[in-house]
Amino acid sequence: MPVEPTAGETTARSHLLDFTTEELELWLDDFGWPAFHARQVRRWVFEQHVRRFADMTDLPSGLRRQLDEGFAVFVADEVERSNAPGGTAKLLLRWPDGASTETVMIPAGDHGRARRTVCLSTQVGCNVGCRFCASGIGGMRRNLSVGEVLEQALRIAAELASRGESLTHVVFMGMGEPLANYGVTVEAVRRLNRALGIGRRRITVSTVGLPKQIRRLAGEDLQATLALSLHAPTSELRRRLIPWAEAIDLDAVLDACREYFRRTGREVTLEYCLLAGVNDEPEHARQLAEIATGLRAHVNLMMYNPVVELPFVRPSRNRAIAFLKDLRAAGANAHLRHSRGLEADAACGQLRRRHELPAG
Ligand code: SF4
């Protein structure tokens, strides 16, 4: 006979998405419910996108009540939303402790080839402090939990499902350094694959380059794509743009990326944000091409999205295309990513920053 919970056990509701199916089974067992209800709950949440336990109609009503007292499926409030033409949407989510993070949905293609990508945050703020990034201003407040990372993806998946579309790709490129929140990132990748059905090869983990963690990731059998946020082709320039690079030798980072490729067979992507007059000279293209060909890596060029308080400038489209041509001429496999960000405050941290800045 199921046991009614006492009031004291249920005053603070837990985040359901922090619980694996096995952990939910244990919780059910504590109250005398059979384990199979955990799989039913999981189906309702991840496949049907149902958020209210009251709507999980194949569960006994007593269990629905108990789940509602013990758990919340989503715990964040959507504080603000910024939409850009073309469908890019950025959500600002506020967590129960008042911390806020950003999540972006980026559409591409249509009909049979539709690609719907969610860009996830893994930390509140960021300690890496890249000079050109709004997320680094103010440092890092805390890591996000697995449930908080999954909630971002599930919110977007539910929104897409409501208009007959599916989430197809996930990138860990939002606020924070994913490999500095290592355990959560790895567990989130596994559960995005298992529970939400996102193919592991469609999941990209981005890093500023932590050699030890990259090697560890290579041994996880995740099959995820690794993206190195390079942004500068020399140690000297990189140290100027990325404070954490002071303590991390670029050669050590590239060695770790080579090992990732060797052990996983997964091609590494080099992310390179073009900053006018800083890292977009022909010489930089030649140096970058040398790194990319040496790693057999693909280069993803982005044009900088300006941040109000920061001195960096977006290069002209012609300049970016010239850089791309130089890269290709030097043998690199590269492409220039469409900027869908200017109208949606889509550069990392900008919506949160704008929201937190005093008006006027
Ligand atoms: S670009 Fe990424 S790693 Fe750098 S400060 Fe911003 S969030 Fe952190």
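Residues are numbered from 1 along each chain as its sequence is written, and side-chain values use heavy atoms, with hydrogens and water left out. Because the model is predicted, local features need pLDDT of at least 70 and side-chain atom pairs count only at pLDDT 80 or more, whereas totals for chains, interfaces and linings use all residues. Helices (H or I, at least four residues) and strands (E, at least two) are DSSP runs, numbered from the N terminus.

Helix α7, residues 211-218, packs with helix α9, residues 250-264, at an angle of about 0°, and the two axes are 9 Å apart. Axes here are lines fitted to C-alpha atoms, for helices over the stretch in contact, and angles run from 0 to 180 degrees between N-to-C directions. The arrangement of α7 is therefore roughly parallel to α9 (angles under 35 degrees count as roughly parallel, over 145 as roughly antiparallel, 65 to 115 as roughly perpendicular and the rest as oblique). On the side of α7, the contact (heavy atoms within 4.5 Å) involves Pro211, Ile214, Arg215, Leu217 and Ala218. The partners in α9 include Ala252, Val253, Ala256, Cys257 and Tyr260, as well as Asp255, Glu259 and Arg263. The residues of this contact divide into 9 nonpolar, 1 polar and 4 charged. In this division, Ala, Val, Leu, Ile, Met, Phe, Trp, Tyr, Cys and Pro count as nonpolar, Asp, Glu, Lys and Arg as charged, and the others, Gly among them, as polar.

A pair of aromatic rings is described by the distance of the centres and the angle of the planes. Rings of Phe, Tyr and Trp (its six-membered ring) pair if their centres lie within 6.5 Å; planes under 30 degrees apart count as stacked, over 60 as edge-to-face and the rest as tilted. The whole structure contains 7 aromatic pairs. In one of them, the ring centres of Phe132 and Phe312 are 6.4 Å apart and the planes stand at 85°, so this pair is edge-to-face. It links distant parts of the chain, 180 residues apart: Phe132 belongs to the loop between β7 (123-125) and β8 (140-143), and Phe312 to the loop between β13 (298-303) and α11 (317-329). Phe132 and Phe312 are both buried (buried means under 20% relative accessible area, exposed over 50%, partly exposed in between, with a 1.4 Å probe and protein chains only). The rings of Tyr272 and Phe323 have centres 5.5 Å apart and planes at 20°, so they form a stacked pair. Here strand β12, which holds Tyr272, is linked to helix α11, which holds Phe323, across 51 residues. Tyr272 and Phe323 are likewise buried. Ring pairs also join Phe19, Trp27, Phe31 and Phe71 into a cluster.

The loop between β7 and β8 also holds Ala134, a buried residue with a relative accessible area of 1%. The C-alpha atoms of Ala134 and Phe312 are separated by 11 Å, although the residues are 178 apart along the chain.

Glu271 is placed in strand β12, residues 269-274, and is buried, with a relative accessible area of 3%. The side chain of Glu271 forms a polar contact of 2.6 Å with that of Arg337. A polar contact is a pair of N or O atoms within 3.5 Å; within protein, one must be able to donate a hydrogen and the other to accept it, and residues adjacent in sequence count only if both atoms are side-chain atoms. Beyond its neighbours within four places in sequence, Glu271 is in contact with residues including Met173, Ala227, Leu228, Ser229, His231 and Met302.

One of these partners, His231, lies in the loop between β11 and α8 (235-241). His231 counts as buried at 8% relative accessibility, and its phi is near 60°, a positive value in a residue other than glycine. A positive phi, near 65°, also occurs in Gln223, which lies in the loop between α7 and β11 (225-229). Gln223 is partly exposed, with a relative accessible area of 22%.

Thr207, in strand β10 (residues 203-207), is buried with a relative accessible area of 1%. Leaving out residues up to four places away in sequence, Thr207 touches Glu177, Leu179, Ile214, Leu226, Ala227, Leu228 and Ser229.

Arg286 lies in helix α10, residues 282-295, and is partly exposed, with a relative accessible area of 47%. A polar contact of 3.0 Å joins its side chain to that of Glu283.
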